[in-house]
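Subject: Structure handover

Hello,

Here is the structure I promised to pass on. Please open it next to this email and follow along.

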Amino acid sequence: MAKTRHAETSVHKRLLDHLTTAVVMLDERLIIRYLNPAAEILLFASAHRSVGQPLPECFFEDPDASAALHRCIGEGHPFTRREARMMISPGQEITVDYSVVQLSEPGQPASLLLELQPLDRMLRIGREEALLHAHQATRALVRGVAHELKNPLGGIRGAAQLLERALPDPELAEYTRVIIDEADRLRSLADRMLGPRRLPNFRLLNIHECLEHVRQLVLAEHPEGVRVRRDYDTSLPEIPADRDQLVQVILNLARNAVQALTESGTPGAQVIFRTRVIRQYTIGAVRHRMVLRVDIEDNGPGIAEELRETLFYPMVSGRANGSGLGLSIAQSIISQHSGLIECESTAGKTVFSLLLPMEAQPDTHQNLVPGARDSGVQGEPVGLAGTT
């Protein structure tokens with residue numbers, strides 16, 4: 001009988017150890033008695049060190065959750081928390097759904113079983129899909145408006161030219177010239193609203209060559225006051241992309257970062273160019289084997305909270321003299337590369353991240369010439385804290 005019970009316990013432990021759901025068991029004093037490998041990964045905790053320790057403080061930051069835990073111990077009421085945010089370590093926050101039930105055996109003190117489901121990945125995928133859909137809808141609307149603007153502008157400009165020729169007094173041409181100049185300005189704006197006019201010309205390229213090119217441009221424009229650091233993974237392979245369009249996007253993000261730093265007068269102003277590879281990453285609804293992540297990070301004041309949700313919409317800008325089209329066009333270009341631009345911003349740290357699939361996409365094969373590549377310098381390996 002004892003052997004049977006031991007065998008059952010062993011089987012149960014093996015099952016728990018192989019679950020992808022994080023499981024934590026607590027005694028009546030909320031001391032950890034067991035956590036499976038999935039819980040170790042989720043909570044960044046070692047079972048060897050955690051067993052015998054109190055439940056992490058992140059579970060008690062919400063007073064309602066803390067009260068519910070003690071109520072579950074005393075009265076046996078199970079409960080569930082949806083999209084709970086937990087600070088499991090300084091600067092490390094996770095979002096989870098978790099359920100708590102009481103385990104009780106006759107003659108034994110009550111214990112609690114916690115099941116935790118991480119939500120960060122699903123929430124991120126949902127945000128990315130919403131961002132892509134919103135961007136596509138907004139771009140379609142803006143393109144329609146731009147096309148409708150260009151048609152009457154041509155007529156207005158032509159009529160102003162004819163009127164200028166028929167005016168009896170040459171001095172009155174000043175007024176028709178204002179009409180023509182403003183019509184040209186609006187037409188230029190409409191062209192910019194339409195975004196990229198051509199499909200990407202995919203070639204294999206070295207992303208670090210693009211970054212170094214942009215870095216040299218930024219340093220030439222701002223020789224003093226802003227430090228540009230490099231944090232490259234030099235083992236990255238070449239990727240299929242349009243070099244000119246990629247340089248345009250990176251340059252736009254880098255200039256935005258530098259302008260934010262110079263306008264705010266940030267002491268010790270610096271911009272960091274960082275490259276990394278992410279494996280098994282989902283962009284929108286498509287899972288990719290390998291994704292290139294390019295970060296443009298600055299230590300400026302950050303982006304106003306009211307702008308963060310609409311940052312990539314056309315005509316949205318945080319600067320008084322900004323057109324609000326740069327980020328929208330950049331997102332369109334990266335979208336044509338089957339990628340995405342994300343932004344995370346807090347006071348003292350703003351990061352724009354370019355996410356680009358490293359494998360050629362089905363719709364790019366026709367444009368990607370086998371063996372064709374843009375020339376780029378490999379350069380000397382730059383360490384994780386390489387600076388200039």
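Below is what turned up, taken region by region.

A caution before the details: this is a predicted model.

**The open sheet**

Five strands matter here. The 5 strands form an open sheet in the order β7-β9-β10-β12-β11, with mixed pairing. Its edge strands are β7 (227-231) and β11, and each of them pairs on one side only. From one strand to the next, the twist averages 25°.

β7 and β9 run parallel and are joined by 5 bridges. Within that pairing, Arg-229 stands opposite Ile-272 in β9.

Strand β11 (residues 340-346) runs antiparallel to β12, and 7 bridges join the two. Leu-340 faces Leu-355 of β12 as its opposite residue. β11 and β12 make a hairpin with 2 residues between them. Look at Gly-348 in the turn: its phi is positive, about 95°. Helix α10 lies across β11 and β12, at about 135° to β11.

**The largest core**

In soluble globular proteins, nonpolar side chains tend to be buried together. Here the largest nonpolar core has 44 residues. Ile-207, Leu-246, Ile-250 and Phe-273 have the most contacts inside it. The elements giving two or more residues to this core are α7 (207-221), β8 (239-241), α8 (243-264), β9 (270-283), β10 (286-298), α10 (326-336) and β12 (349-357). Helix α8 supplies the largest share, 10 residues.

Beyond its neighbours within four places in sequence, Ile-250 is in contact with Ile-207, Cys-210, Leu-211, Val-214, Ile-296 and Leu-354.

There is also a second, separate core of 27 residues. Its members include Val-24, Leu-30, Ala-65 and Ile-94.

**His-337**

Where is His-337 placed? It sits in the loop between α10 and β11. Is His-337 buried or exposed? Its relative accessibility is 4%, so it counts as buried; the cut-off is under 20%.

The His-337 side chain has two backbone partners to check. It reaches the backbone nitrogen of Asp-242 at 3.1 Å. It reaches the backbone oxygen of Ile-333 at 2.9 Å. Setting aside neighbours within four places in sequence, His-337 is in contact with Pro-200, Phe-202, Pro-240, Ala-241, Asp-242, Gln-245, Leu-356 and Pro-357.

**The aromatic pair**

How many aromatic pairs does the structure hold? It holds 1. The ring centres of Phe-79 and Tyr-98 are 6.2 Å apart and the planes stand at 80°, so the pair is edge-to-face. Phe-79 belongs to strand β3 (residues 79-89) and Tyr-98 to strand β4 (residues 92-103). The two are 19 residues apart, and the pair links distant parts of the chain. Both Phe-79 and Tyr-98 are buried.

**Ser-111**

Ser-111 lies in strand β5 (residues 111-118). Its relative accessible area is 15%, so Ser-111 is buried. Not counting residues up to four places away in sequence, Ser-111 touches Leu-26, Asp-27, Val-101, Gln-102 and Leu-103.

Over to you.

Best wishes

Definitions and conventions:
Residues are numbered from 1 along each chain as its sequence is written. This is a predicted model: local features need pLDDT of at least 70, side-chain atom pairs count only at pLDDT 80 or more; totals for chains, interfaces and linings use all residues. Side-chain values use heavy atoms; hydrogens and water are left out. A nonpolar core is a set of buried Ala, Val, Leu, Ile, Met, Phe, Trp, Tyr and Cys residues joined through side-chain atoms within 4.5 Å. Buried means under 20% relative accessible area, exposed over 50%, partly exposed in between (1.4 Å probe, protein chains only). Helices (H or I, at least four residues) and strands (E, at least two) are DSSP runs, numbered from the N terminus. Contact means heavy atoms within 4.5 Å. Rings of Phe, Tyr and Trp (its six-membered ring) pair if their centres lie within 6.5 Å; planes under 30 degrees apart count as stacked, over 60 as edge-to-face and the rest as tilted. Two strands pair if DSSP finds at least two bridges between them. Axes are lines fitted to C-alpha atoms, for helices over the stretch in contact, and angles run from 0 to 180 degrees between N-to-C directions. A polar contact is a pair of N or O atoms within 3.5 Å; within protein, one must be able to donate a hydrogen and the other to accept it, and residues adjacent in sequence count only if both atoms are side-chain atoms.
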